[in-house]
Amino acid sequence: MIGAGAIGASAALHLARAGARVVVLEKESGPAQHQSGRNSGVIHAGYNLKPGTLKAKYCVEGSRRLRAYCRERGIPMVEGGILIVARTGAERATLDELHRRAQGNGVQSRIVDEREIREIEPHAVGIAGLHAPEGASFDAARYVAALLDDARAARVETRFGVAVRSIAEGASGVRVTTSAGVLEAGVVLNCAGLYADRLAGALAQDLRIIPFRGYYAELVPERVGLIRSHVYAVPDLTFPFLGVHLSRRADGRVIVGPGAMLAFGREAYRFAQVQLGDLSGTLAWPGFWRMMRQPRFRSLIRSEVMKSLFLKRIWAEARLLIPELGARELVRSFAGNRAQVVNRAGELVDDIVVRESARTVHVLNAVSPGLTCSLPFGEYLAQVCSSALLPHHVSPPRTGNDKERDVTHD
Ligand SMILES: Cc1cc2nc3c(=O)[nH]c(=O)nc-3n(C[C@H](O)[C@H](O)[C@H](O)COP(=O)(O)OP(=O)(O)OC[C@H]3O[C@@H](n4cnc5c(N)ncnc54)[C@H](O)[C@@H]3O)c2cc1C
């Protein structure tokens, strides 16, 4: 198993509970150092996801299971619901589409008027809203740590500071070359997040991870009372990003963001930081140039550059939702990069992608709401790996060239 983020930790736990011997290899010195520890920390309700997608399926189930797990394991969580606020007629129409999606996904939600907006979030302003009471905040890093504690109790071995360099699949096993030597495994599950496409090699040659940085500001401590729970702007549904929101975290801080800026490195978290190998990989990808040819992307990037450079630009967006927010009441906060998959046609892939061969399983595009999805999705991955380990017991025998087998779900 590669990667000790939320998806890897959940899959490891489920695999061990199914009786497999699991070793988790993680290049960092501890868990959740990348996407799983650098995010909004929202347990999404699933109101915005297209019904029928893997994200919708796992998010709706995952939200309920994750809230139960947090209660059971004492992980800090605030269950205050999510309010999406429309300010124009066009946004009001999108709100109706979100409401339809919520209903299609079986997510509790209702359209609220101006007065009800004020009742739910006294400082928010809009002509209408959508309220999803099941939305919550939680401590994502503590969650991953708890999953790994449970996994270790189920005899999972975790090895930190071990980077996987390559995976070579043979007829009877997989040879895993790492920074700490070579290992043999029956099956390899690749949950390497921002680097998952590289390890997937030929199985992901039609896809490339292009990192999009989500950068945050946060309210100064004296003004966190402006937000009770979560206030979201209506998203632009042509992008797989949720748009700006003000969110009360489980630790009481209120974050504003995240942006969606192209990052010049998969783990480059500052605006001017460049990781040359990653940047050249992005620039060499034909899909990147096809994406950039689209005027809506160029316009997104222009706006993101301005917001990355000038805090006032973030404030100007946040103020549309919370007009009382003063320009000096925001400070810069942390950032996290999304492992967004872009195909050769330049399209941002929307749903989770799983690719597998006979003895390897690769998770791609586990972007937001991947934390919320992680319990049922990890369970699903454990089933796929178990069936590869015990093909005759769990799944029907495979035919044809397994190496070429592709079970992309997008
Ligand atoms: C800005 C932002 C906001 C988000 N907000 C939310 C939210 O509010 N709610 C929600 O549900 N989801 C949210 N998400 C999505 C969520 O964070 C991810 O879907 C989830 O964390 C993905 O988990 P993962 O385990 O796949 O990846 P990661 O957490 O990135 O873990 C991958 C791990 O693999 C390791 N690794 C990589 N390469 C190697 C290698 N070669 N050898 C060994 N180890 C390796 C990395 O070090 C890392 O620890 C957000 C994401 C971002 C970026």
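Salt bridges are the subject of this tour, and a search of the whole predicted structure finds 29 of them, where a salt bridge is a side-chain nitrogen of Lys or Arg within 4 Å of a carboxyl oxygen of Asp or Glu. The model is predicted, and in it local features need pLDDT of at least 70, side-chain atom pairs count only at pLDDT 80 or more, and totals for chains, interfaces and linings use all residues. Residues are numbered from 1 along each chain as its sequence is written, and side-chain values use heavy atoms, with hydrogens and water left out.

Select K27 and E28, which form a salt bridge whose closest N and O atoms are 2.9 Å apart. K27 is partly exposed, at 34% relative accessible area; buried means under 20%, exposed over 50%, and partly exposed in between (1.4 Å probe, protein chains only).

Next, select R152 and D149, whose closest N and O atoms lie 3.2 Å apart in another salt bridge. Because they are three residues apart in helix α5 (residues 140–153), about one helical turn separates R152 and D149; helices (H or I, at least four residues) and strands (E, at least two) are DSSP runs, numbered from the N terminus. R152 is partly exposed at 35% relative accessibility, and D149 is also partly exposed, at 42%.

Then select R223 and E329, a salt bridge with its closest N and O atoms 3.0 Å apart. This pair links distant parts of the chain, 106 residues apart, with R223 in the loop between β13 (207–219) and β14 (230–233) and E329 in the loop between α10 (311–321) and β18 (330–343).
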